[in-house]
Amino acid sequence: DPRVLTLCPVGLGLSFGNYGVGLWLPQIVQGMGFSNLATGFVVAVPSIAGGVAMILWGRSSDRRGERVRHVAGAALLAAAALGVASFGPSDLVVLIVLTFATIGIYAALPTFYSVPSMFLSGTAAAGGIALVNTFGTGLGGFLGPTVVGLLKQQTGGYAAGMAALALGLTLSATILLVMGQGKMPRPL
């Protein structure tokens, strides 16, 4: 189904952002001068906030029976936060917006994986979700941290990497919103 193939780059962009932030966040925080112990506690805050947001956002999506705008909205929140992080005037601002980026990413991912079930059912849904997940997690999970690392190596900072992650999330949201403009029929 071409719709499944269209969801593959969306999953890639979401995983690109997820792994890019998640794997580099401890280095970013430690670079702010926190000790190893303090870094562990500081890095836990965005994940805890993201976990709470994931539950609340999923409930909102279920209550409204709406998926596309919930995923796109959360991805755009993460993209905006990463955009601000790339210009962060202070460490405190960067920590706050990286928390919002994590909230957006964590809220988008589980809701996103219910999108294929909007137009697939049974084994087709299982296969479609598996393909999207493999493409997203496999390629996005590799590219996110790699791009951030390469850009840090080239520029000496994380700003360009955060901007690249923001771009990936923005593209994911845009593709999903465009795809959502067409009526995706419910499975029979």
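Modeller: The largest nonpolar core holds 48 residues, and Leu7, Leu14, Leu82, Leu98, Phe119 and Met162 have the most contacts inside it. Such a core is a set of buried Ala, Val, Leu, Ile, Met, Phe, Trp, Tyr and Cys residues joined through side-chain atoms within 4.5 Å, where buried means under 20% relative accessible area with a 1.4 Å probe, protein chains only. Two or more residues come from each of α1, α3, α4, α5 and α6, and α1 gives the largest share, 11 residues. Helices here are DSSP runs (H or I, at least four residues), numbered from the N terminus.

A word on the model: it is predicted, so local features need pLDDT of at least 70 and side-chain atom pairs 80 or more, while totals for chains, interfaces and linings use all residues. Residues are numbered from 1 along each chain as its sequence is written, and side-chain values use heavy atoms, leaving out hydrogens and water.

Now take Leu82. Leaving aside residues up to four places away in sequence, Leu82 touches Val21, Leu98, Ala101, Met162, Leu165, Ala166 and Leu169; contact means heavy atoms within 4.5 Å.

At 1.5 Å times one less than its number of residues, the 23 residues of α6 (159-181) should span 33 Å, which agrees with end C-alpha atoms 33 Å apart.

Note on methods
Buried means under 20% relative accessible area, exposed over 50%, partly exposed in between (1.4 Å probe, protein chains only).
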